[in-house]
Amino acid sequence: MSRFPITRLGHSHSPEADHRLRVENLHVHYGAICALKDVSFEIGCGHCVGLIGQNGAGKSTLIKTIAGLNRKLTGSVTWRGEALAQVKAEVAYLPQIDEMDSFFPLTVGGLVEMGRYPHLGARGRWRALDDEVVAAALSALKMEEFRGRRLYQLSGGQLQRAQIARALAQEAHILLLDEPFAGLDEPSQRLLGDLLRELAENGRLLLVCHHDLKAVPELFDTVLMLNRQVVAFGPTSEVFTPDNLANTFSAREEDPHV
Amino acid sequence: MFDFLDYSFNQRALLAAAVIGFSNGALGALVVLRKNSLVISALAHALLPGIALGILVFGGMNPFVGFFGALFGAMVVGLATVYVARAGLLDHQTALTVLYTTAFAGGLLLLERLPGYVQLESWLFGNILGLRNMDLLIAFGVSFLITLCLAWHRRDWILYLFEPSVAASMGVPVTRLNYLLTGLMVLGLVTSLQAVGAVLSAALFIIPTATLLQWVKSPRSLIWGSGLLGSGAGLLSILLSNAFDTQTGPTIILLLGACFIVSLVFRPAR
C-alpha cells in the first residue's frame, strides 16, 4: 500500500477540539421542491465522511451548500465557530471529474496553481512561497512528472489526484468531493481510497458523496445517510446497518418518517 | 508602399485596426472559453435595432447616436438574457434567440422610417476608412476599458472560466463577472461594428482564439496571444487591402480565417 508524504505540506495538524464543522437546521428548497429538510450534524476534522443516499436524496445539494454555492437556504453552516462563507479558502470543492472541461488550455501545474488564487486574490503578486506549496502539493500526490501535461492527457484517477493536489495547494481543511470514485477503474479506486484515508489521518475533514454501497466500510470511518433529511449519522461500524440502509433507500413519502 | 499613410483616414484605420483587433481578440478568448461564440453573433444583430432607435429618437446619425443606440440595444437584449437564464426560466441560448430576433424584428420596422439608409449600411458592413476622430477616440476608450478589466480581474477570470462552481466556492464574484463579460462583449462589438460591420464582427472575437487554442497551454497566453494575433491581422489587412484594392472588413476576416486554417493544418499532435 503506497504512502503519500502528505505531511510534507506542513499544514496538516492533529485533530483539535475547535476544528469542528457544524451544520444546523439546514433547509434547502428549489422552488416548491424541498431538497434538504432540517439537516443537522457536527463533526471534527480527521474524518473521512461518506454521504450515502439514492439519486435525488440531496447529497450533491448538501455538498454544494456547504461549499457556499447555494444562497437559497435557511439554517447555518459554521466552521471553527465562524460562518463558513467567511473562511472560503479553508474549503475546497471538488466537482465530479466529468464536469471538468479537460480541453481547457491548462496543465496539471496550472490547475494546482489555481489552489493558491484564493490566497493571492485577483492581482496579488505570486511569491516564492506559492511555488513551494504548489511543488509540495504535486509531490504529495506523486504528480510531479505530470506537471506539464494537459488535462486531456490524464486518466480519470490522475485527474482526481490533480484536483486533490489543487485542494492541498489551497491549504484547505475541508475537502468536499462529489462522487470521486465514479468512472475510476478498480486499482485507481483503491489508490484514491487510501489517499482519502491518509488525508483524514493527517487532520483534514473530507465529505464525500458516494452512491456505491460496496466499499463503504473500508472507505469511510463515518457515514451520513441521507434521504432529503438525515436518516443516520455516526461511525460507520455503528450506523451502517441494514435497517438504516432500508430507510435511506426507501421511496420518499411527502414527509418521510425517521 | 507606405504612401497611402499620407492620408489621415488611412492612419486612423491603421490605428483603429490595431487597437480594436487587440482588445476584441483578447476578450474573444473569454468568449470562446465561456462557450459564448454563438451568443456574440446574436448580440451583434441586437445592436442594429438600438442604432435605428437612436437615429429615430435623435433625428440623425452621428457617432454618439450610433454608439449609445447600439449600446442600448445590446445591453437590453444581453442583460435581459442573463436575467431570464439566471432566473431559471429558459436556457441561455433559447432566451437569447427569443430576445434578439424580437429586437431585430422591431429594428426592421424602425428602419423603414429612417432617412439616410446609406449611413446605416456602413454599420451593417463596416467602414473602417470612414472613421472620424471621434470614432477613433471611442474605439481607444473602449479598448482601454476592456484591456483594463481583463488585467484587473485576471485570476478571477481564469477561475470563473474553468469551473464557475469552484470559483464561486473560492469567493470569486461569479455573478458580477458574468454581467461584466456581457457588458464588455457589447462594448467590443460596437467598435468592431465600425470596422467590419455587424455581420462579420463576431469573427474578430472568435477566430484569433480558435487559431491559438491548439497551441497554448495556459488561459493567460491564450488571452494575450489572441489579442496580439487580432492586432497583427488588423494591421496587416489594412496594408493588404490598400495594396490589392480590396474592401478592408472582409480582408481582415479572410486573413484571420487563413491563419486559422494554417494553424489547423500544422497543429501539434494531440
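**Exercise 1. Determine which residue of strand 9 of chain A stands opposite G50(A).**

Solution. G50(A) has V223(A) opposite it, in strand 9 of chain A. The model is predicted: local features need pLDDT of at least 70, side-chain atom pairs count only at pLDDT 80 or more, and totals for chains, interfaces and linings use all residues. Residues are numbered from 1 along each chain as its sequence is written, while chains are lettered from A and ligands numbered from 1 in the order in which they are written.

Next, consider the two strands. Strand 3 (residues 48-52) and strand 9 (residues 222-226) of chain A run parallel and are joined by 4 bridges. Strands (E, at least two residues) and helices (H or I, at least four) are DSSP runs numbered from the N terminus; two strands pair if DSSP finds at least two bridges between them.

**Exercise 2. State the strand order of the open sheet in chain A, and explain which strands stand at its edges.**

Solution. The 6 strands follow the order 6-7-8-3-9-10, with mixed pairing. Strand 6 (91-94) and strand 10 (230-235) of chain A each have a single partner strand, so one side of each lacks a neighbour in the sheet. From one strand to the next, the twist averages 15°.

**Exercise 3. Describe the side of chain A that touches chain B.**

Solution. The contact (C-beta atoms, placed from the backbone, within 7 Å) takes 21 residues from chain A and 21 residues from chain B. Strand 6 and helix 3 (117-120) of chain A are the elements giving two or more residues to this side of chain A. Helix 3 of chain A gives the most, with 3 residues.

How values were computed. Axes fitted to C-alpha atoms, helices over the stretch in contact; angles between N-to-C directions. Contact = placed C-beta atoms within 7 Å.
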